[in-house]
Amino acid sequence: MATIATRQASKAKALTGRGQTPWCLVMIIALAVTAGTARSTEPKEDAKSGNNLVGTWKLVSAKYGGEEFKSEEGVTTVKHVTTTQFMWASYSKDGTVTRTAGGDYTLKGEVYEETPRYGISGDFDLIKGKVQTFKWKVEGTKWYHSGKLSNGLTIEEVWERVEKK
């Protein structure tokens, strides 16, 4: 009789998913550990490529077409760079994104090339899918980025690394 009851309990556990608590618990712990180790408190250089652009940057000054650019009051522009992708966004005090673009990029020595694949802004269509080539260097917490867009506009930007608060 005990054997039949044990078999029925095992079938019930299999049908209801009960009895899998240890397996689920192991998966939850593994995911939590993975998520915890994936988050980095310090921007790190990509050891393979020497890429110290990985991280989040805030635009602190810019010249477009040789003229000083000043953002509207309360507008912030940030750029996020991973080992293979970039994305920048300009947003207002209330968090509304007004301009953005992103896609893939490559580094070859002092040459940084990005190809915008997605974005929103009045001038995005002029650069979408076209390689944009720049010279770059990082000194301390500043990223100096200059070149000419595919539409002929020269740009000089200075970005500052955003540190964790």
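How many helices and strands are there in the protein chain? There are 3 helices and 9 strands, taken as DSSP runs numbered from the N terminus (H or I, at least four residues, for helices; E, at least two, for strands). This is a predicted model, with local features needing pLDDT of at least 70 and side-chain atom pairs counting only at pLDDT 80 or more, while totals for chains, interfaces and linings use all residues. Residues are numbered from 1 along each chain as its sequence is written, and side-chain values use heavy atoms, with hydrogens and water left out.

**View 1. The chain as a whole.** Along the sequence, the elements come in the order α-α-β-β-β-β-β-β-α-β-β-β. Of the 165 residues, 24% count as buried, meaning under 20% relative accessible area with a 1.4 Å probe and protein chains only (exposed is over 50%, partly exposed in between). Take the contacts (heavy atoms within 4.5 Å) between residues at least 6 apart in sequence: 36% of them join residues at least 24 apart.

**View 2. The largest pocket.** Its volume comes to about 630 Å³. A pocket here is an open set of points on a 1 Å grid over the protein atoms alone, where a 1.4 Å probe fits, with protein on both sides within 12 Å along at least five of seven lines; lining residues have an atom within 4 Å of a point. The points are joined across faces, edges and corners, and the volume is the space filled by probe spheres set on them. Of the 30 lining residues, Tyr64, Trp88, Arg99, Asp123 and Glu157 lie nearest the centre. Elements giving two or more residues to this lining include β1 (55–64), β5 (97–108), α3 (124–127) and β9 (154–161). By class, the lining has 16 nonpolar, 8 polar and 6 charged residues.

View 3. β7 and β8 (residues 142–148) pair in the antiparallel sense over 7 bridges; pairing takes at least two DSSP bridges between the strands. Glutamate 139 sits opposite lysine 142 of β8. The β7–β8 hairpin has 2 residues between its strands, and glycine 140 in the turn has a positive phi of about 65 degrees. Next, β8 runs antiparallel to β9, again with 7 bridges, and serine 146 has glutamate 156 in β9 as its bridge partner. This hairpin has 5 residues between its strands, with glycine 152 in the turn at a positive phi of about 95 degrees.

**View 4. Threonine 77 and its surroundings.** Threonine 77 lies in strand β3 and counts as buried because its relative accessibility is 9%. Its side chain makes a polar contact of 2.7 Å with that of serine 90. (A polar contact is a pair of N or O atoms within 3.5 Å; within protein, one must be able to donate a hydrogen and the other to accept it, and residues adjacent in sequence count only if both atoms are side-chain atoms.) Beyond four places in sequence, threonine 77 is in contact with Trp57, Lys58, Leu59, Trp88, Ala89, Ser90 and Trp159.

View 5. Asparagine 51 is in the loop between α2 (21–38) and β1. Buried or exposed? Asparagine 51 is buried, with a relative accessible area of 2%. Its side chain reaches the backbone nitrogen of leucine 53 at 2.7 Å and makes a polar contact of 2.6 Å with the side chain of tyrosine 105. Lysine 70, in the loop between β2 (67–69) and β3, is exposed at 67% relative accessible area. The C-alpha atoms of lysine 70 and valine 60 are separated by 9.5 Å.

How values were computed. Ala, Val, Leu, Ile, Met, Phe, Trp, Tyr, Cys and Pro count as nonpolar, Asp, Glu, Lys and Arg as charged, and the others, Gly among them, as polar.
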